[in-house]
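Subject: Structure for your review

Dear colleague,

Please find below the structure that I am handing over to you. My notes on it follow.

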Amino acid sequence: RDAKVDIAVLKVKSDTPLKAVKLADSDKLKVGDWVIAVGNPFGLGGTATAGIISAYGRDIGETFVDYIQIDAPINRGNSGGPTFDIYGRVIGVNTAIFSPTGGSVGIGFAVPSETAAKVVAELASGGKVERGFLGVQIQPVTDDIAAALGFDKARGVLVSDVTADTPAAKAGITRGDIVVSVDGTEVNAPRDLTRMIATDAPGATVNLGLLRAGKPVDATVTLAARPEQPA
């Protein structure tokens, strides 16, 4: 299991062949697409509810997932059930609701199929998910910092500290650097950097685009394995 994404792989033994559902490409989803959530809310087996995608790329406080937000009613007991598109393909895994009362208020979240597929593949092959680790503490670039740097809008993330003897320290990244890209992909917020680094495996080499004292600098970093509980 991978507790950080709330996905587990179970081995099922069956005397008869089991038919598998197909995964769709969650990167091609659009707001307004119809979805069907299937699960066992309140212990009621085989319940299906329908709705639309309200948003994607939602941040609900979990570091490693950009959630799909749906308004198909889901409740306790739906977790782990599939979120289907209208063609019967799985676009996500039901995982959470926003609720002041404990019941469905039409705001539910699913782990995208792309994320689930990657986690499942790693769990099935090695029993655990290993994520890349940089070794920095980061914070957003505020509007004031952006204005001082001459940005037309806030972008990048500010390195507030570098942990000793980590990939970042070995690559020469220093406190005050601003990370603006990873392998050419723009970084706009702290969660962008965290997820980009975590997507790469330990031992992978990444190129960070930095601003140091207002001047562009490149840093090549060989990632380590992310500790279970980094200090």
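Leu10, Val12 and Leu18 form a nonpolar surface patch of about 370 Å². Such a patch takes residues with over 30% relative accessible area and no salt bridge, nonpolar side chains being joined within 5 Å; a salt bridge is a side-chain nitrogen of Lys or Arg within 4 Å of a carboxyl oxygen of Asp or Glu. Areas come from the Shrake-Rupley method with a 1.4 Å probe. Val12 belongs to the segment before β1 (34-39) and is exposed, at 60% relative accessible area, where exposed means over 50%.

The model is predicted: local features need pLDDT of at least 70 and side-chain atom pairs 80 or more, while totals for chains, interfaces and linings use all residues. Residues are numbered from 1 along each chain, and side-chain values use heavy atoms, without hydrogens and water.

The largest pocket holds about 720 Å³ of space. A pocket is an open set of points on a 1 Å grid where a 1.4 Å probe fits, with protein on both sides within 12 Å along at least five of seven lines; lining residues have an atom within 4 Å of a point. Its lining has 27 residues, with Phe64, Glu114, Thr115, Lys118 and Thr199 nearest the centre. By type, the lining comprises 12 nonpolar, 4 polar and 11 charged residues. The most come from α4, with 6 residues.

Tyr87, in the loop between β4 (82-84) and β5 (90-97), is exposed, with a relative accessible area of 64%.

Yours sincerely

Terms used: Patch = residues over 30% accessible without salt bridge, like charges linked within 9 Å, V, L, I, M, F, W, Y side chains within 5 Å. Helix = DSSP H or I, 4+ residues; strand = E, 2+ residues; numbered from the N terminus. Buried < 20%, exposed > 50% of the residue type's maximum accessible area, 1.4 Å probe, protein only. Points joined across faces, edges and corners; volume = space filled by probe spheres on them. Nonpolar A, V, L, I, M, F, W, Y, C, P; charged D, E, K, R; others polar.
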